[in-house]
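Have a look at the sequence and the fold first, then read on.

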Amino acid sequence: ETMEKLDFSQLSQKTLDHILDEVVQFLKELHNIPVEEFAFLKTKDSDYEKYKSAFKKEMDVRLEWKVAQIQIDKLKKYINDLFALQFDSNVLVHTDVQQKNIIFDYVKNNINWIIDFSDCRLSGREQDFVHFLDWWEEIFNKLIIKYLWSLDKNFINTVKFLSKKPLIFEIMNDDIYENNFDGLYEKINKF
């Protein structure tokens, strides 16, 4: 079964540490695979520039009738900052390590598999920590310490910055047929 129904509050400290150690072991092994073996995943600079340009145009088209220009400008600033983000190193990342993609043995309290590698790519290792923000802050911080051996504020801030990215797609795809502008503005105000 997936790890979705795991109640962290019911775990002993020893069990929690064991689970976090397993997650960290997976991430370290994944992030240490030689990048040369995945050269085919690298994006050409010209392709990336085309993607950025197309994405920004699409955002304008989808949002122009939905929200005021001041909200669009707020989102554009985030998008520009996102595209300008430089990671300290590019590694192979899963990008979707979350409870629904972790197959868990509830009897032995072990992680059996991590699944859904469909969005795997070369990027900053911070990408793989975004979904752990949904776990309790204490658990998130323990995971960071186990992975980095410290509570690196820059690393954490980058993870938090990246965590807003899925909202962009939600905002762009929101249908306002029921005039739920409050929900849309609530999402935009997170930026």
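Helices here are DSSP runs of H or I with at least four residues, strands are runs of E with at least two, and both are numbered from the N terminus. Before going further, note that this is a predicted model, where local features need pLDDT of at least 70, side-chain atom pairs count only at pLDDT 80 or more, and totals for chains, interfaces and linings use all residues. Residues are numbered from 1 along each chain as its sequence is written, and side-chain values use heavy atoms, with hydrogens and water left out.

Is Q71 buried or exposed? Its relative accessibility is 13%, so Q71 counts as buried. (Buried means under 20% relative accessible area, exposed means over 50%, and partly exposed is in between, with a 1.4 Å probe and protein chains only.) Setting aside neighbours within four places in sequence, Q71 touches Y185, I188 and N189, where contact means heavy atoms within 4.5 Å. Y48 is 23 residues from Q71 along the chain, and 25 Å separates their C-alpha atoms.

**The whole chain**

Zooming out, the protein has 7 helices and 4 strands, and from the N terminus on they run α-α-α-β-β-β-β-α-α-α-α. Its C-alpha atoms fill a box of roughly 55 × 40 × 30 Å along the principal axes. Of the 191 residues, 42% are buried. Among contacts with a separation of 6 or more, 75% come from residues 24 or more positions apart.

How do α1 and α4 pack, in angle and axis distance? Helix α1 (residues 13-31) and helix α4 (residues 137-148) meet at an angle of about 50 degrees, and their axes are 9 Å apart. The axes are lines fitted to C-alpha atoms over the stretch in contact, with angles from 0 to 180 degrees between N-to-C directions. That makes α1 and α4 oblique to each other; angles under 35 degrees count as roughly parallel, over 145 as roughly antiparallel, 65 to 115 as roughly perpendicular and the rest as oblique. On the α1 side the contact includes L16, L20, V23, V24 and L27, and on the α4 side I139 and L143 are among the residues involved.

**Aromatic pairs**

The structure holds 12 aromatic pairs. Rings of Phe, Tyr and Trp (its six-membered ring) pair if their centres lie within 6.5 Å; planes under 30 degrees apart count as stacked, over 60 as edge-to-face and the rest as tilted. Here are two of the pairs:

| Pair | Centre to centre | Angle of planes | Type |
|---|---|---|---|
| F26 and F117 | 6.2 Å | 70 degrees | edge-to-face |
| Y51 and F83 | 6.0 Å | 85 degrees | edge-to-face |

F26 is buried at 18% relative accessible area, whereas F117 is partly exposed at 37%.

As for the second pair, Y51 lies in helix α2 (residues 45-63) and F83 in helix α3 (residues 69-84), so the pair ties together parts that are 32 residues apart in sequence. Y51 is partly exposed at 43% relative accessibility, but F83 is buried at 12%.

Finally, ring pairs join F8, F129, F132, W135, W136, Y147 and F155 into a cluster.
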